[in-house]
Amino acid sequence: VGILSSLAKQKDIRLDQVREESVLLSETLKSSLKTMSTNLHKQTSRLKEEGEVLTSSLRSALDSIALENTALKSQLVAAGVSIDDVMRGIIHQLNADEKQRQVDIR
C-alpha cells in the first residue's frame, strides 16, 4: 500500500509539473506570437511607406522625363528634323547593339 501511495503521489507531482510547464509554454507561445505579429505589422507598414515613396519618386522621374522629351521634340521640330526619322534611327541603333551583344555572348 505504501508503494502504491508513493507512486500515486509521484504521479500527482509530475502531473502538476506538466501542467505548470504547459501553462509556461502556452504563455511563451502567446507572447512570441504577439511579438511576431507586432513585428510583422511594423514591417508591413514600413514596406508600404517605402512603396509609396518609391512610387512618388518614380512618378516624379517620369514627369521629368516627359518634360525633357517634349522639350527635345520641340528642338528637333524647330531644327527641321523629322522626329520619325530620329526614332527610326534610334530603333535601328538599338537593334544593331542587341545583335552585337548576342554575337559577343557567343
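Which residue forms a salt bridge with Arg14? It's Glu21, and the closest N and O atoms are 3.7 Å apart.

## What you're looking at

This is a predicted model, where local features need pLDDT of at least 70, side-chain atom pairs count only at pLDDT 80 or more, and totals for chains, interfaces and linings use all residues. Residues are numbered from 1 along each chain as its sequence is written, and side-chain values use heavy atoms, leaving out hydrogens and water.

## Overall shape

The protein chain has two helices and zero strands (DSSP runs, H or I of at least four residues for helices, E of at least two for strands, numbered from the N terminus). Its C-alpha atoms fill a box of roughly 115 × 40 × 15 Å along the principal axes.

How much of the chain is buried? Buried residues come to 0% of the 106 (buried is under 20% relative accessible area, exposed over 50%, partly exposed in between, with a 1.4 Å probe and protein chains only).

## Salt bridges

Side chains of opposite charge can pair when their charged atoms come close. The whole structure holds six salt bridges (a side-chain nitrogen of Lys or Arg within 4 Å of a carboxyl oxygen of Asp or Glu). In the Arg14 pair, Arg14 is partly exposed at 43% relative accessibility, and Glu21 is partly exposed at 40%.

Another one joins Asp85 and Arg88, with the closest N and O atoms 2.6 Å apart. These two sit three residues apart in helix H2 (residues 83–105), so about one helical turn separates them. Asp85 is partly exposed at 47%, while Arg88 is exposed at 51%.
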